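Thanks for making time this morning.

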Amino acid sequence: MSIIVEYIALFFIAIYSYLEALIKLFIPDRKKSVSGDIVLITGSGHGIGRLTALEFAKLETILVLWDINKDGIEETAEQCRKLGAKAFTYVVDCSKKDEIYATAEKVKTTIGDVDILINNAGVVFGVEFLKLQDHQIEKTFEVNILAHFWTTKSFLPAMIKKNRGHIATVASLCGHVGITYLVDYCASKFGAVGFHECMTVELASLGKDGIKTTCLCPVFVNTGFVHNPSTRIWPVLKPEYVAKSFVDGILTNKKMMLLPPSVNTFLTLSKFLPQRVISKINNIQDVQFNTKLRSATKME
């Protein structure tokens with residue numbers, strides 16, 4: 001096929017895609033059934049991980065809950081069982097590759113092949129770059145992005161064999177923009193977004209269209225992950241809204257989920273606006289938060 005013909009075909013594909021998107025504005029996306037599916041969620045002992053598990057529990061799935069906090073996942077599992085779901089718990093340190101691989105083998109042997117993998121576990125330190133300790137930087141990358149490689153390598157082969165499955169990545173708006181005192185965290189979330197994008201492309205190139213991918217990128221969520229988050233433009237999101245939106249996105253096979261959707265406009269503009277304008281917007285935004293280690297506001 002000549003390059004001219006390929007460009008003509010590309011033009012018609014673009015027109016079709018825009019028309020399809022326009023029609024979908026008025027027709028709700030059809031949700032797929034996940035009843036009986038095995039759903040594994042890392043970092044499910046609290047926050048978005050726990051609430052996502054509860055949403056899937058309502059859909060009659062089999063839940064595999066991973067977290068470093070035993071009490072946290074047991075509490076999550078109990079809440080899921082009250083909703084009628086089967087729930088299995090594993091204490092896993094997602095910063096340790098060998099622990100992930102060993103636990104994954106236990107899951108496959110005792111429960112079965114994972115249908116939906118949700119990489120949600122994360123850590124944040126919130127420290128000025130030059131005050132970050134080396135082990136903190138390593139921990140951030142081990143949990144926030146390297147763990148995605150180890151879990152996906154563990155469960156993707158079975159998905160490929162069946163050409164069926166879903167890999168969901170919990171990233172952040174910090175995977176698209178930089179935030180003060182979050183250099184390591186933002187870099188790891190940029191990696192998570194890149195992981196999602198590349199996995200999506202690679203699966204398509206392999207012809208595995210039955211394996212879907214979703215990436216969640218919210219602004220600050222009031223889960224206690226960071227303390228007292230606030231901004232002057234973007235809202236601080238309720239975790240219940242984020243979890244429900246996330247599950248709906250998985251059920252409708254959405255690729256990239258920016259929450260709230262209005263941040264799409266900011267990200268689009270940021271590609272064209274001068275840097276001094278972006279810097280001014282960031283000043284107006286006045287992002288603030290606290291961790292146990294550092295405040296993102298000016299220290300008196």
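This is a predicted model: local features need pLDDT of at least 70, side-chain atom pairs count only at pLDDT 80 or more; totals for chains, interfaces and linings use all residues.

**Charged pairs, helices and a surface patch**

Let me begin with E75, which counts as partly exposed because its relative accessibility is 43%, where buried means under 20% relative accessible area, exposed means over 50%, and partly exposed is in between, with a 1.4 Å probe and protein chains only. Residues are numbered from 1 along each chain as its sequence is written, and side-chain values use heavy atoms, with hydrogens and water left out.

The partner of E75 is R50, and the two form a salt bridge whose closest N and O atoms are 3.4 Å apart; the term stands for a side-chain nitrogen of Lys or Arg within 4 Å of a carboxyl oxygen of Asp or Glu. This pair links distant parts of the chain, with R50 in helix α2 (residues 47-57) and E75 in helix α3 (residues 70-82), 25 residues apart. Helices here are DSSP runs of H or I with at least four residues, strands are runs of E with at least two, and both are numbered from the N terminus. R50 itself is buried, since its relative accessible area is 15%.

How many salt bridges does a search of the whole structure find? The search finds nine, and one of them joins the side chains of D37 and R164 at 3.0 Å, N to O. D37 lies in the loop between α1 and β1 (38-42) and R164 in the loop between α5 and β5 (165-170), so this pair ties together parts that are 127 residues apart in sequence. At 8% relative accessibility D37 counts as buried, whereas R164, at 37%, counts as partly exposed. D37 and R164 also belong to a network of salt bridges that links them with D115 and K162.

Turning to packing, helix α4 (residues 97-110) and helix α5 (residues 134-162) meet at an angle of about 30 degrees, with their axes 10 Å apart. The axes are lines fitted to C-alpha atoms, for helices over the stretch in contact, and the angles run from 0 to 180 degrees between N-to-C directions. The two helices, α4 and α5, are therefore roughly parallel to each other, a label for angles under 35 degrees, with over 145 counted as roughly antiparallel, 65 to 115 as roughly perpendicular and the rest as oblique.

Finally, I3 is found in helix α1 (residues 3-24), and I3 counts as exposed because its relative accessibility is 51%.
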